[in-house]
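Work through the exercises below with the sequence and the structure at hand. Each task is followed by a solution in steps.

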Amino acid sequence: MTAKLPIVALCLAFTAACGQAAGAPVAAGAGYNPADLAFSQQMIPHHLQTIEVAELAEKKSGDAYVRRVARDLIKKERADVELMSSWLRSWGAAVPSTPPRSGHAMAGMLSSVQITELRRRSGAAFDTMWASLLARHLGSGVRMAESVTAEGEHVPTATLARGLIPEQRALIEELGRRADQE
């Protein structure tokens, strides 16, 4: 019977690894840590606010570049939200469903005053403020992604974060260059 125990353990480990690769739920404590959990629980509201700001651009901007960036962000960030939400559900953790409102202390989130001011603008004034606020907002997302790549254990989270870092940095630089031209 003692010889069967290592085989059973090996079979269980193999089954768990295959289940994770196929997107099956991950047992609590298996393959993720508090940094991974915090990343998804904070990045979801961060992404939801990015989507909110991008949706404003679709309505208020007259600039084809701004509208294209907004559409691309909405599509990408919604997909990320769904992915992170699936991880949280599989871990039995709460899934944030809305961006935080005023008074929320999470770093990098736009204040209700900033959102209100952005809503009041249109045309070039909107585009300039939108690019500036979005660049700062995305910068905080990059810092969150850098943190989880250093501290997390969940391979899919690290993969998402490692992809987000160069994408968002490139967009931040692009937004900065456009702001310099205006």
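Axes are lines fitted to C-alpha atoms, for helices over the stretch in contact, and angles run from 0 to 180 degrees between N-to-C directions. Helices (H or I, at least four residues) are DSSP runs, numbered from the N terminus. The model is predicted, with local features needing pLDDT of at least 70 and side-chain atom pairs pLDDT 80 or more, while totals for chains, interfaces and linings use all residues. Residues are numbered from 1 along each chain as its sequence is written, and side-chain values use heavy atoms, without hydrogens and water.

**Exercise 1.** Describe how helix α3 packs against helix α6.

Step 1. Helix α3 covers residues 64-90 and helix α6 residues 155-181; their axes lie 13 Å apart at an angle of about 165°.

Step 2. Angles over 145 degrees count as roughly antiparallel, and α3 and α6 are therefore roughly antiparallel to each other.

Step 3. The crossing of α3 past α6 is left-handed (the near helix is turned anticlockwise from the far one by less than a right angle).

Step 4. Contact means heavy atoms within 4.5 Å. On the α3 side the contact residues include Y65, M84 and W87, and on the α6 side they include P156, L175 and R178.

Step 5. Sorted by class, this contact has 9 nonpolar, 2 polar and 7 charged residues. Here Ala, Val, Leu, Ile, Met, Phe, Trp, Tyr, Cys and Pro count as nonpolar, Asp, Glu, Lys and Arg as charged, and the others, Gly among them, as polar.

**Exercise 2.** Which helix gives the most to the lining of the second largest pocket?

Step 1. The lining consists of R68, V69, D72, L73, K76, E77, E167, Q168, L171 and E174. A pocket is an open set of points on a 1 Å grid over the protein atoms alone, where a 1.4 Å probe fits, with protein on both sides within 12 Å along at least five of seven lines; lining residues have an atom within 4 Å of a point.

Step 2. Both α3 and α6 supply at least two lining residues each, and α3 gives the most, with 6 residues.

Step 3. By class, the lining has 3 nonpolar, 1 polar and 6 charged residues.

**Exercise 3.** Where do α3 and helix α5 meet?

Step 1. The axes of α3 and α5 (residues 123-151) are 11 Å apart, at an angle of about 40°.

Step 2. The α3 residues V66, V69, A70 and L73 meet D127, W130 and L134 of α5.

Step 3. This contact has 6 nonpolar, no polar and 1 charged residues.

Step 4. The crossing of α3 and α5 is left-handed.

Definitions and conventions:
Angles under 35 degrees count as roughly parallel, over 145 as roughly antiparallel, 65 to 115 as roughly perpendicular and the rest as oblique.
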